[in-house]
Amino acid sequence: MAGARAVHRRRVCCCAPSSASKRTTSSGESGDESSSTDAPAFPRLPPQKKTRGGIVSAVNRENIRGLCGSSRFAQRVRSDRRRAAADPQEKHVLVIGEPGTPKLDVAKMVCLESPRRKGDVRIVRCGKMKSRRRDAATQLADALDVICPGGIALLSDVHELPDSALHVLRDRLDDSPPRHPPGEGVRLVLTTSRAMDTNLNLSSLSTAVTTIKVPPLRVRAKDLAAETRFFLRQAAVASDVSNAQTLKGVTPAALRLLEAYTWPGSDAELQNVLQRALVHEIGIAERDGVSLPTMLSEDVLWPGSEGPQSRDKRLRTDLLRLWPLLRQAMRSELWMDGFMQYVVRPAFAVVVIGLFVAPQARADNAFLNVFWAWWWPGILLLYPFVGRLWCSFCPFMAYGELAQRFRLKMLPQVPLMNWPRDALDKGGGWFLFALFAVILEWEELWALEDHAALSSWLLLLITAGAVIGSLLYKKRVWCRYLCPIGGMNGLYAKLALTELRAEQGVCSAECSTYGCYKGGPAVEPEGMESEGCPLGVHPAQLQDNRNCVLCAECVKACPHKSVKVNFRFTADDILQPMHNATAYEVSLLFLLFGAVFCHHIPEASTLLQMPEAITTAVTKSAQSVGNIFTSRPFAWHTGLATASLAYPGVLALAAHRAAGSRGNFVREAYSYLPLCWLASIAHYLDLGMGEAGSILPAAARMVGLVDLAPRLPVLVASPEVIDFSQGLCVVVGCLSSLVLLRVLARRPWLEIGWQCGGMIVLSAQLWWLLLVA
Ligand code: SF4
Ligand code: SF4
Ligand code: SF4
C-alpha cells in the first residue's frame, strides 16, 4: 500500500476564513463558501497562551468549517453569519445548534470575520468551570477580564455555566452598544445547545443579541453529498492518504443509505461514520496493495444505532446465545468448508455425470428425480426458516471457490480484480432477471424436467458463471450480483424467520480489525483466521437478508462475539421503513410468479378455451425443438410462455394503476412475495409429495435392477392430500399477501381495493389451474 499512501499532512477547511485558506485545501463543493472569493484575509496573530487554567485560550484559526452544501438552511446560516460579523452595532451574538452541529465553528467564523479580528479574540470554555472549586462567578469574571477592550470573548456552551455565574454573564450582555461606543468593550459571541431551558433563558435575549441558528444535519439532507465529500477528504488528508483528492465521495446507493438515516449526532456523527469507513477501506487497500476506491460503497458505512438496523430489538432473540451448540457448529470446520469438500463437491459431480449417462426417461433416472422432486422443493421450503442458507453449501460456488483457489495458486502474480461495483449495482440485477427469464423459457419449451442431459447442462451453465466470476474477480461476485438462483434466494430470504446481524455498538466501540469483512489472521480473544465475508458485506451493515448466505465466516472471524443470529418475525425485512425496494427484484418476483402459470400452460389454454390447434401445439412443441425457427407449435408455445411469465406482473401493475394509487408500486409489490412463494410451493407439491417418494424404484431401474424396483417401498401422498395442501398454500398465500399489502400501503382497505382484487383474481386462477383443471 506504499503507493496508496504517503506522508503529507494538510489541513482541510470548508468555508474557512482564510489566513488558513493558504494552508488548507477546500472541499470545492458548490454552495461551499471556501470556493467564494469574498472571504477576508485574516492576519496571523502571535499564538496566545492558554490562561486561567485552560478556561480561556486563543481561538484556533485552523480546521474551522462552516456548513457545506447549497440547501436553504446552509445559505441562511452563511448570510446570518456574515450579517452578524459585519453588524455596525456590534450586538452580541448567540449561536444555537444541537449537539454535533458545527456551532462553535460558526461562532469562530463570526469572530474572525468581524472588524475586531485584529484585536484580542479568545474562547472561554464554560463547560470547564463547573468542575472547579473556585466560585464560578469569579472565574467567569476573571476570564472575561483577561480579554482586552476591543476584543471578542467566544463563550462556548453557555448552557453549561453554573447558575452562580449567570448574573455575571447577564451583566456583560447588558454592557453593549449604545452603553459603550462600537469598537470598545468586549463583544460576546455565545454558543449553546439549549437556548430555552437554561436559567439565563437565552431565547428571551433576542432583542439584545443577534441569533444564528445552526440546523442539524437531519433537516439538511440536500447537503449530505457535499458534507460527505468534504469530511471524506478531510479524513483522507488526516490519514496521510496520497490520493485524497481523488476521493469523490460515496456511491449513489451509499448516499441513499445516509439520506435515510436521521443523524441524531448531526455533523459530528457523519464525520465519525466516514472516518470509520475510510479506516476500513485503507485497511483493505493496504492488505491488497491497491489504491483507495474513489467512491465508498454502502458496505463500509454504518450510520449508528438508529441506522439500517434500528429495528425493535425486543422482538428478536439471539439464537447463538440461546443455543451455544449452534454457535459451536457455525464456528467449526464443517460449516461449510468441510461440508463442501467432503459432501457437496463429490455429490454434485455424481449428479451431473449421472444425469448425462443414466437412462434419460424420468421414471428410470433417480438423479432427475433428485433434481426436480427433492432439490427444488427442498430449497423453497428452506427460505422461511434459514433464508439464503442454501447458498452457503451450493455446489455451483463450491466449484467456483475451488477454481479461484487453483487460479491463485497457479497465477499468484496476477491478482484478482476488484468488483466493478457501480456497474454491477446498476446492471447486475437486470442481468440475473434476464438470465432467469431465459432459463424459465428454456425449461418450459424444452421440457427440461423430462430431459436428464438438458437438466445437467442447466447445472453446468450456472456453475460456469460461478467459476468464471471467481477466476476473474475477488470473492463471490457471481453470488452477490449475477446468479439467477442467488437473486431468487435473496428475494425469498426476506421472508425468513432468522437473520444474521452484528451489533453495531460493539463493532464501533471495540473493533479495529474488521476481520468479518476484510478477513485476516486470528485475533484474540476468539477471532479465527478468515478470508472475510465472501459476499463483501459487513454484518453490522446488513439491512436485509438478501446478501447474507449464512456462511458463518463472520461468526468465525469476530473476536468480540458481535455477530448474532436472530429469531424474528417473518417478512421483517420488507416491513422496515428503510427496506431497499428495487425494480429488478420486483420484476424477478413477478417472473417467478409467472413461472407457475407458465408451467400450467396446457391447463390454462383449456381454461381460456383456446382453439385446439394451440392446445395441441403446446403439448407438441417439445418434439419440434430441433427446428425452432420454422416450427409453428414452437412459436405458439414461446408466445404463450412469454405471456404467462409476464401475466402476474402486468395484472398487478394494471390493478395498481386502476386504483389511481398514491403508493409506490415497487415498494408495495413486495406484498406479493408470500403468495408467489406459496404458489411455487404448491406447484412443486405434486413432485415433492408424489414423485419424490418413488426414488428407490427409480434408482433400482436406473442401475438395471428392473425386477427389484416394484418390490421397493414407495412413499407417495394420496391425491386428496396433495390437493388439500396445494389449496391451503394458495389460500394462506393470498391472505398473507393481502395483509402485507395493507401494512405496506398504510391506506384503508377501500383505497387498495383494486390491488386486493388483483391478488384475489391471481389466487383464484391459481386455484383453478392447480386443483380444478
Ligand atoms: S448465488 Fe448462485 S452460485 Fe452463488 S451460492 Fe447461491 S445459488 Fe450458488
Ligand atoms: S470482527 Fe466482529 S466486532 Fe469487528 S467489525 Fe466485525 S463483527 Fe464487528
Ligand atoms: S455477513 Fe457473515 S454469514 Fe453473511 S455472507 Fe457475510 S460472512 Fe457470511
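The conventions come before the exercises.

This is a predicted model, in which local features need pLDDT of at least 70 and side-chain atom pairs count only at pLDDT 80 or more, while totals for chains, interfaces and linings use all residues. Residues are numbered from 1 along each chain as its sequence is written, chains are lettered from A and ligands numbered from 1 in the order in which they are written, and side-chain values use heavy atoms, with hydrogens and water left out.

**Exercise 1.** Characterise the largest pocket by volume and lining.

Step 1. A pocket is an open set of points on a 1 Å grid over the protein atoms alone, where a 1.4 Å probe fits, with protein on both sides within 12 Å along at least five of seven lines; lining residues have an atom within 4 Å of a point. Grid points are joined across faces, edges and corners, and the volume is the space filled by probe spheres set on the points.

Step 2. The volume of the largest pocket is about 1500 Å³. Its lining has 50 residues, and Arg287, Lys474, Lys475, Glu531 and Cys533 are the closest to the centre.

Step 3. Helices (H or I, at least four residues) and strands (E, at least two) are DSSP runs, numbered from the N terminus. With five residues, α8 gives the largest share of this lining; elements supplying at least two residues include α8 (266–288), β10 (295–296) and α11 (334–357).

Step 4. Ala, Val, Leu, Ile, Met, Phe, Trp, Tyr, Cys and Pro count as nonpolar, Asp, Glu, Lys and Arg as charged, and the others, Gly among them, as polar. The lining accordingly holds 19 nonpolar, 13 polar and 18 charged residues.

**Exercise 2.** Treat the second largest pocket likewise.

Step 1. Its volume is about 860 Å³. Among its 36 lining residues, Ala253, Arg256, Glu298, Arg546 and Asn580 are the closest to the centre.

Step 2. Helix α14 gives the largest share of the lining, eight residues. The classes are 14 nonpolar, 12 polar and 10 charged.

**Exercise 3.** Determine which helices supply at least two residues of the shell around ligand 1.

Step 1. Residues belong to the shell if one of their heavy atoms lies within 4 Å of the ligand; among them are Arg388, Cys391, Cys394, Arg476, Cys479 and Cys483.

Step 2. The helices are α13, α16 and α17. By class, the shell has nine nonpolar, one polar and two charged residues.
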